[in-house]
Structures are given as C-alpha cells and as structure tokens.
Amino acid sequence: MAEQAQEELSALAAIFCGPDEWEVLSRSETDGTVFRIRTKAEGLMDADVPLELVFHLPVNYPSCLPGISVNSEHLTRAHRVTVKEKLLEQAENLVSEPMVHELVLWIQQNLRHILNQPETGSGSETCAFATSTAVDDGLWITLLHLDHMRAKTKYVKTVEKWASNLRLTGRLMFMGKIILILLQGDRNNIKEYLILQKTSKVDVDSSGKKCREKMISVLVETKVQTEHKRFLAFEVKEYSSLDELQKEFETAGLEKLFSEFVLRLFYKGKNVSYKMNLACCMEKII
C-alpha cells in the first residue's frame, strides 16, 4: 500500500478515536485494507443520524476509488444506496489524493440534503428469472460455500438484507450439510458483499459468542455468459436431494458450475468413488 495511504490510516485512527468510532477489519498485501468508521450526520429535523461507513482501500489506492459500504438502521435501503452513490461521485473528484476524511466530512454536511430528495428504486419482481439472455457487461456470478451456520435464522436474515441493500440476486441454498450462496449482480457490489461477509459478526461460535465468518470459500467468480439466465430475486431455498439441487442450476443455465464445483463438495469425504459418480452426473448433463 502507498505511503500516502498508510499515513492516511494513521491520521484517521487519531481523528476517530472515540469508543467504537474506528476499527480495522482486515489488512492484506494483496487485497488492501478494510476499516469501519462510525459517525453521525445531521438528518431531517436537525436529528443526528448514526452512520456506519466501511471503506476498502485497494493496494493501489489512492490512484483508484475506495470501496464504500453504508449502513444505518435510520435510513431506508434506497437512501443508503443514494448515499453510497453520492460518496463515490465525490471520490471521483479526489482520485490520487487521500480522501476518506473529506468524504466523511462531506456526508456529515450533506446527508440532510440527500434525505430531502425523493427516494428512487427498482420495483419488486415476482418472476424468478428474466426471459432475456442478453449479456450485461457489469453482471457477474459468484458461488460461495459456507461450512456451517450456527445461528441460522439470524444469519439468513442478514444475508437477505445484504443482498437487498447491494441489489444482488441469486440463491441461498441448503442441501443436507451443504450451504451455498449464489450471487448475481454488479461485480463491485459482489466484492462489497464479500467484505461484509468476512468482516461482520454474522454467526456465533461454539460458546454462543458472536463471531466473524472464517469458514467461507469463493468457489467461482465469473462474468455472466449468454447461456446464463438472470435472477430477478434473491431467494432462500431448501433442497431434499442432489437431483433437486442440480435442476436448480440447470434451470439457471449453470450446469458447468454444478458439475465442476458442487459435485466435488457433495462427494468430498463420502465413501464412494468420486470419479464414478461425477461421470454419472456428467452423462445426465450431456
């Protein structure tokens, strides 16, 4: 990470030094740094609105835009999306220089004006897939595998909330002990989802204490192809058999993802010949 960025992180830690105002969530030489700032901004009727801003500084920041996530129980989903968009617009004018503190100051001064604007958002959809198979340049698919969920009810609601806030569609799929999350949407939004998934205390450990998700793996991340159908909703589904799960993937045009990744999970550790079962399932797909 650039020296400018390192100096900015030190300055931010000194500025946001109150209880729970500042927290570094992750550091990586390849992925950069993710941190959370909790602050307040003046909303409507001069009331303070608590804001939780998560920033992801890539390794080449500030030569590129930071990733930004906005959370607040006092804002609607549409307002959170608008705040994020406005912050990114401001960030575009500040590329090549440290910008996080300036962005925080800007939203503190301008949140009220944003809340005064009419809410905009897409209408609800009732269909599971779109009939068009046109490729969207910004549309990606990511398949995630979770090892387990201890606090399942809360975990599921959190995943649904994140998908809704980030305008991601797809499936949260349960089949026996297999837990898969299939996300479809803008690649930047998927990356932001992964930040939330890995840095939020979404589950509990064996003692019942809240903990971050440490046992999640990205099985595949790929651009949507012409044979892939577009999900128009994020749904939670339970499957009673491998065949039923396979049909879900086939309906979405994702047979290859199923054969290359899901089957490996299913037969891993079982007392059967993986190659024989894989060949059998491949015959069905072909």
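What volume does the second largest pocket have? The second largest pocket has a volume of about 740 Å³; the views below place this pocket and other features of the model. The model is predicted, so local features are reported only at pLDDT of at least 70 and side-chain atom pairs only at pLDDT 80 or more, whereas totals for chains, interfaces and linings use all residues. Residues are numbered from 1 along each chain as its sequence is written, and side-chain values use heavy atoms, with hydrogens and water left out.

**Figure 1. Overview of the fold and of the confidence of the model.** The protein contains eight helices and eleven strands (DSSP runs numbered from the N terminus: helices are H or I with at least four residues, strands are E with at least two). Of its 286 residues, 44% count as buried (buried is under 20% relative accessible area, exposed is over 50%, and partly exposed is in between, with a 1.4 Å probe and protein chains only). Among contacts between residues at least 6 apart in sequence, 64% join residues at least 24 apart; contact means heavy atoms within 4.5 Å. The mean pLDDT is 83, and 86% of the residues reach 70 or more (pLDDT is the predictor's confidence in each residue, from 0 to 100). Over residues 121-137 the pLDDT is below 50, and this stretch has 25 contacts in the model beyond near neighbours in sequence. Residues 281-286 also have pLDDT under 50, with ten contacts beyond four places in sequence. Where pLDDT is low, the predicted coordinates should not be read in detail.

**Figure 2. The second largest pocket.** A pocket is found on a 1 Å grid over the protein atoms alone: whereas a cavity is a set of points where a 1.4 Å probe fits but cannot get out, a pocket is an open set with protein on both sides within 12 Å along at least five of seven lines, and lining residues have an atom within 4 Å of a point. Grid points are joined across faces, edges and corners, and the volume is the space filled by probe spheres set on the points. For the second largest pocket this volume is about 740 Å³. Its lining comprises 25 residues, of which Arg38, Glu52, Asn71, Glu73 and Lys161 are the closest to the centre. Two or more lining residues come from each of β2, β3, α4 and α5. By class, the lining holds five nonpolar, seven polar and 13 charged residues (nonpolar: Ala, Val, Leu, Ile, Met, Phe, Trp, Tyr, Cys and Pro; charged: Asp, Glu, Lys and Arg; polar: the others, Gly among them).

**Figure 3. The largest pocket.** The space in the largest pocket amounts to about 1,000 Å³. It is lined by 42 residues, and His56, Asn188, Lys191, Glu192 and Ile195 are the closest to its centre. Helix α5 gives the largest share of this lining, nine residues. Elements that supply at least two lining residues include β1 (22-28), β4 (67-71), α2 (77-92) and β10 (216-223). The lining divides into 17 nonpolar, twelve polar and 13 charged residues.

**Figure 4. Asn165 in helix α4.** Asn165 lies in α4, which spans residues 152-165. With a relative accessible area of 14%, Asn165 is buried. Its side chain makes a polar contact of 2.5 Å with the side chain of Arg80 (a pair of N or O atoms within 3.5 Å; within protein, one must be able to donate a hydrogen and the other to accept it, and residues adjacent in sequence count only if both atoms are side-chain atoms). Beyond four places in sequence, Asn165 is in contact with Asn71, Arg77, Arg80 and Val81.

**Figure 5. Gln197 in helix α5.** Gln197 is located in α5 and is buried, because its relative accessibility is 0%. The side chains of Gln197 and Tyr193 form a polar contact of 2.7 Å. Contacts of Gln197 beyond four places in sequence include Leu146, Trp162, Glu213 and Ile216.

Figure 6. Most residues other than glycine have a negative phi, and most peptide bonds are trans. A cis peptide bond, with omega about 10 degrees, joins Tyr61 and Pro62; Pro62 lies in the loop between β3 and β4. Ser96 has a positive phi near 90 degrees and is placed in the loop between α2 and α3 (100-115). Arg167 has a positive phi of about 60 degrees and belongs to the loop between α4 and β6 (169-175). Ser96 is partly exposed at 47% relative accessible area, and Arg167 is partly exposed at 43%.
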